[in-house]
Amino acid sequence: MPFYEAMYLVHPSVDDERLAEIIARYNQVVESAGGVIEHSSKWDRRRLAYPINKVQEATYVLMYFRADPQVPAELDRLFRISDEVIRHLIIRHDKPHLVLTVPTVEEATAAEEAPVEEPVEVTESAEAEPTTEQSTEEEPVSEGEEPASVEEEQA
């Protein structure tokens, strides 16, 4: 099955709940036709490079999927008749391994559900390394030199 990328811009008046329904609806179109969603996610609301029908910003949605060629045609038709999608683009990729650098839906879900390991603090025991106060060994003193402690006593 060919690999496709679909990017569509949703009107900024659409709230998050309705946006989730729109994303689920277009994912369902692909899956009901036998396609496979590789990745589907909402991006942030961003300012457009130029106004589209007097709209200055939109919510971006990105979807990667594998499907037969009639599926992107059906998605294109649905995007065109939707009042909530203000722009869309569907691209066929011949080398999907170059495109899929983002985690798949299953990987992202698994990463969110995985327990977070807390870092383990390594404590050093006080007995492991002798401190300078506990050291009883004296440094060797060469002939002609007096130990520093003797000089301090004389001064």
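Contact here means heavy atoms within 4.5 Å, and helices (H or I, at least four residues) and strands (E, at least two) are DSSP runs numbered from the N terminus. This is a predicted model, in which local features need pLDDT of at least 70 and side-chain atom pairs count only at pLDDT 80 or more, while totals for chains, interfaces and linings use all residues. Residues are numbered from 1 along each chain as its sequence is written, and side-chain values use heavy atoms, with hydrogens and water left out.

**View 1. What covers the buried side of α2.** Let's start with the helix α2 (70–81). Its buried residues (under 20% relative accessible area; exposed is over 50%, partly exposed in between; 1.4 Å probe, protein chains only) are V71, P72, L75, L78 and F79. Seen down the axis of α2, these fall within an arc of 120 degrees (taken from the directions from the helix axis to the C-beta atoms), so they line one face of the helix. Their cover includes β1, α1, β3 and β4 (85–93). On the face turned away from the buried side sit the exposed residues R80 and I81.

**View 2. L75 and its partners.** Leaving aside residues up to four places away in sequence, L75 touches Y26, V29, V30, M63, F65 and I90.

**View 3. The largest nonpolar core.** A nonpolar core is a set of buried Ala, Val, Leu, Ile, Met, Phe, Trp, Tyr and Cys residues joined through side-chain atoms within 4.5 Å. The largest one has 21 residues, and Y8, V10, Y26, V30, M63, F65 and L75 have the most contacts inside it. β1 (3–10), α1 (16–32), β3 (55–66) and α2 each supply at least two of its residues. The largest share, six residues, comes from α1.
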